[in-house]
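Subject: Structure for your files

Hello,

The sequence and the structure are below. My notes on the sheet and the pocket follow.

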Amino acid sequence: GSDGKRISHHWKTPRNLAWSACVSYKIVAPARLAFAGISYNGAITVSQAAAGARLVSHNGAVKAQASGGPLHVETYNGDITASYAGAELTLLTHNGEVEAELAACKDLSGEIISYNGGITLAVADGVSTDLTCETYNGGISCDAPWQVKKLSRGMVTGRLGDGGGKLDVTTHNGSIEIKKAAK
């Protein structure tokens, strides 16, 4: 149904101030199921999501492997590691690095943002997008085939492949590296 299921931890009796808990969950579901997960104090790892995922961690890293559907990952304090083969991508971290394997994407749209950390993207020859990279305190490098259209201090706009989609990559404090994916 559209309401989904909520999984959370609650004390069975009133909590004693000396008690603490460490709770983790492993959820096994069909890959065709769209998944939304929120963690307030811990990491999130999702594998083989085929219908899209929305993942939010307030204090922890997020690792996502998705092969279709939109992927939205947000963390306030943690790194993002993503392997994605779809068309619509949002990766956002306030305090962390972003590493994204995008080699299996074709037409790619979305945004990748790190306020405090570097961004590394691995792309293959088949990836097509109009790409804008911007950093306020760092450099931009690219060893993948890229048709640069506009170059200015801290900003590069260009095209990967045939273009089509629009991908914005921004870091406020860090560098951006676009590299050719290993075969």
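Which residue in E16 is the bridge partner of isoleucine 119? It is isoleucine 176. The model is predicted, so to speak of local features a pLDDT of at least 70 is needed, side-chain atom pairs count only at pLDDT 80 or more, and totals for chains, interfaces and linings use all residues. Residues are numbered from 1 along each chain as its sequence is written, and side-chain values use heavy atoms, with hydrogens and water left out.

Sheet

Strand E10 (residues 119–123) and strand E16 (residues 176–180) run parallel and are joined by five bridges. Strands (E, at least two residues) are DSSP runs numbered from the N terminus, and two of them pair if DSSP finds at least two bridges between them. The open sheet has seven strands in the order E2-E4-E6-E8-E10-E16-E12, with parallel pairing. E2 and strand E12 (140–142) are at the edges with a single partner strand each, so one side of each has no neighbour in the sheet.

Pocket

The largest pocket holds about 1700 Å³ of space. A pocket is an open set of points on a 1 Å grid over the protein atoms alone, where a 1.4 Å probe fits, with protein on both sides within 12 Å along at least five of seven lines; lining residues have an atom within 4 Å of a point. Its volume is the space filled by probe spheres set on the points, which are joined across faces, edges and corners. Of the 38 lining residues, Ile27, Phe35, Ala36, Gly37 and Ile38 lie nearest the centre. E2 gives the most to this lining, with six residues.

Regards

Key:
Helix = DSSP H or I, 4+ residues; strand = E, 2+ residues; numbered from the N terminus.
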